[in-house]
Amino acid sequence: MNQKIDCFITFCGKLETQYTIDQLKRSGRVQSVFVLNSSAVELEGAETLLIDHPTATKSMELIAIKATAGLVLMALQPSSLGLGQFALERMLQLAGSSQASMLYGDYFELKAGVRSNHPVIDYQQGSLRDDFNFGPVQLFRKDVLEKFVSENHPQYKHAGFYAMRLLASRMGEIVRIPEFLFSMTERDTRQSGEKQFDYVSGSAREKQIEMEQACTDHLQKIGGFLDANFQSVDFSGDFPVEASVVIPVRNRIKTIQDAVDSVLLQKTDFPFNLIVVDNYSTDGTTELLQTYSDERLIHLIPQSTDLGIGGCWNEAVFHEKCGRFAIQLDSDDLYFDDTTLQQIVNKFYEQQCGMVIGSYQMCNFNLDEIPPGLIDHREWTPENGPNNALRINGLGAPRAFFTPILREIRIPNTSYGEDYAVGLAISRTWKIGRIYQAIYRCRRWEDNSDASLDIARQNVHNAYKDSLRTFELKARVRKNRRT
């Protein structure tokens, strides 16, 4: 096993970077070390490569030119890196036995001086998220970089690495090593709920456009791209009301009244009702709901005791009093004003769509607006929204469905990603209408289900959504082959 590695690391401070270089050079498997930096810095045992952005197309091309070894290691995060015992030798061994186009592994995370395990998840065909966590180190076959240069990719400022790892998935297998081979100092100490909206900030818009372009190119090359050729929707049929708002709830005594009241105060030119599926609350939520005398409120307690949020939705959608359109409201959120339902139903008829998704304003428990403010998911465009849906981690809120379509597809009986699964399936066949102004208030507080997730739970969520993308991508490839 005489294979060598060329290593490319991002500058993260002179002392920290030199420490990483020294560790790499101690391995007899390292041929050369290169440091990516925006300015020239003298470091012992490494050559500095001047770049503007470590993940840009130009950086990937420069790495491809400089690399002469058969395998190329990249550590592009500007963070202090530590190598575990024989970490490089282990990666080389598994690269040889697997012939993978790219390898990555679990790592130790150093946060505020405390070391903890940070396992990552296996790569799937549907792992198209541009924020997929590969850990601090990735090992590529040299021919992947050579192919990347030959394909003449756009000069991305941010999406060069993303485009290359998508290429790696087309050229072979991307393999996770379920061993803790490296350690990385984590500088972002925010909780999970604080990070999840970073991608919609104004400063991220340029990056998101690039990521969409790279993902679209990948989908076209693997036969998973969808043209905007949607099946028409026939809204005829008899329904007890035009619209039903659906609220699954369990133990939301602090917020359920606000949610219910925001529905009952809606002003519409059509009849509507509210179906609250009370999933065995024990905190007084059930008793509070029973105090309402408004006949529009249907309070359901399902017979099944094993239902997630999706299962509760199915209870409402298949109920005899469910209307033509089923419209979502979470139990700790509320509608923006009294026009929300009217706007949503109007959009169905205006665009002849099978689903409508609105935009929401982020607010605290007291309903004061908080950053990033309006979440409008403008990455969803009429032309490319169904394709971009495979890259992003959610489609927005509130979500509304033509009830017969929802009854046909059904909702997974889970409490995470169930709405995303349905949205992906609908977007394959029917048009999804969008409302880009705020019609919903998304309340962020300590009892949100995603406010503070540990690594294990984040991994479960991410792996599940990647599996949904994998199923959907395969369905789209089959659909394209038939047409």
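## Aromatic pairs

F134 is buried, at 5% relative accessible area (buried is under 20%, exposed over 50% and partly exposed in between, with a 1.4 Å probe and protein chains only). This is a predicted model, in which local features need pLDDT of at least 70 and side-chain atom pairs count only at pLDDT 80 or more, while totals for chains, interfaces and linings use all residues. Residues are numbered from 1 along each chain as its sequence is written, and side-chain values use heavy atoms, leaving out hydrogens and water.

The structure holds 18 aromatic pairs (rings of Phe, Tyr and Trp, the last by its six-membered ring, with centres within 6.5 Å; planes under 30 degrees apart are stacked, over 60 edge-to-face and the rest tilted). The planes of F132 and F134 meet at 45° with ring centres 4.6 Å apart, so this pair is tilted. F132 is buried as well, with 6% relative accessibility.

The pair of F235 and F402 is edge-to-face because its planes stand at 85°, with ring centres 5.0 Å apart. This pair links distant parts of the chain, 167 residues apart: F235 lies in the loop between helix 7 (205-222) and strand 10 (243-249), and F402 in strand 17 (residues 399-402). Helices (H or I, at least four residues) and strands (E, at least two) are DSSP runs numbered from the N terminus. F235 is buried at 8% relative accessible area, and F402 is buried at 4%.

## Charges over rings

R441 sits over F336, 4.2 Å from the ring centre. R443 sits over F365, 4.5 Å from the ring centre.

## Nonpolar cores

A nonpolar core is a set of buried Ala, Val, Leu, Ile, Met, Phe, Trp, Tyr and Cys residues joined through side-chain atoms within 4.5 Å. The largest has 111 residues, of which M74, F140, I247 and F348 touch the most other members. Helix 5 (residues 160-171) gives the largest share of this core, seven residues. Apart from it lies another core of 27 residues, including V30, L73, V137 and I177.

## Helix 1

Helix 1 (residues 14-25) has 12 residues. Its buried residues are T17, Q18, T20, I21, Q23 and L24. Among the elements that cover them are strand 1 (5-10), strand 2 (30-37), strand 5 (81-83) and helix 3 (87-98).

Terms used:
A charge sits over a ring if NZ of Lys or CZ of Arg is within 6 Å of the ring centre and within 35 degrees of the ring normal. The expected span of a helix is 1.5 Å times one less than its number of residues. Contact means heavy atoms within 4.5 Å.
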